[in-house]
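Student: I have a model open and want a quick tour. Can we go through it together?
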Amino acid sequence: GVVISGPSGVGKGTIIKAVLLARPDFELSISYCTRKPREYEKEGVDYFFSSSSSFKKMVASHQFIEWAEVHENCYGTPVSVMDKIEKGQKILFEVDVQGAKKLIALFAEKNTPLLSIFLTPPSAEILSTRLVGRGTENSDSMSIRLKNANKEMEDSTTFNEVIVNDRIDETV
Ligand code: 5GP
């Protein structure tokens, strides 16, 4: 598997779409989340959108290999991906830094190879500009995401590779 992480607004979504087009042998792990879908997002494609109560039930019944509260919503990776990995399917994970750390530990425990990639913005200013430009967040959500970005940047040392996402084609 490959796990890609990095702060909100760094361009993970854009990079992953392009990587999946170039590498059809990889399948994206679709997470569950309690956030409301954005206008362009599709159920079962971007996420499985869940209520807080059904998410909690899934946590209690061990249906996630990792889950985290990110920017005041819950996100989780379903256990079903591990069956796919055991069958030889290559999986791409897009999770926050907490989730990436858990996946790195879990894969190490299972002796299963996992490449971990941390995407960083060229600068804090550019990250902020991109997040504003994306136009998906209200001001509360924006400030939470920017505050968390500073924390997330400090964790980049846990990853195999750190890539500065300056030019999309080069990053891909
Ligand atoms: P967004 O709300 O922008 O789609 O995602 C917010 C953050 O949650 C992003 O950093 C994204 O990588 C992360 N995320 C998405 N799915 C998961 C997951 O299953 N587990 C964890 N830990 N983080 C996730």
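Student: Ala 68, buried or exposed?
Tutor: Ala 68 is buried, at 3% relative accessible area. Buried means under 20%, exposed over 50%, and partly exposed in between, using a 1.4 Å probe and protein chains only. Keep in mind that this is a predicted model: local features need pLDDT of at least 70, side-chain atom pairs count only at pLDDT 80 or more, and totals for chains, interfaces and linings use all residues. Residues are numbered from 1 along each chain as its sequence is written, and side-chain values use heavy atoms, with hydrogens and water left out.

Student: Where is Ala 68 placed?
Tutor: In strand 5. Strands are DSSP runs of E with at least two residues, helices are runs of H or I with at least four, and both are numbered from the N terminus. Ala 68 and Cys 33 are 35 residues apart along the chain, with 9.7 Å between their C-alpha atoms.

Student: Which side chains have polar atoms by the ligand's nitrogen or oxygen atoms?
Tutor: Tyr 75 has a polar side-chain atom 2.5 Å from a ligand oxygen. For Glu 66, a side-chain N or O atom is 2.6 Å from a ligand nitrogen. Asp 96 places a polar side-chain atom 2.7 Å from a ligand nitrogen.

Student: How much of the ligand does the protein bury?
Tutor: 96% of the 510 Å² that the ligand exposes when taken alone. Those areas come from the Shrake-Rupley method with a 1.4 Å probe.

Student: Backbone next. What is phi for His 71 and Glu 72?
Tutor: His 71 has a positive phi of about 50°. Glu 72 has a positive phi too, near 70°. Neither is a glycine.

Student: Why point that out?
Tutor: Because most residues other than glycine have a negative phi.

Student: Where are those two, and are they buried or exposed?
Tutor: His 71 is in the loop between strand 5 and strand 6, and Glu 72 is in that loop as well. His 71 counts as buried because its relative accessibility is 11%. Glu 72 is exposed, at 60%.

Methods: A polar contact is a pair of N or O atoms within 3.5 Å; within protein, one must be able to donate a hydrogen and the other to accept it, and residues adjacent in sequence count only if both atoms are side-chain atoms.
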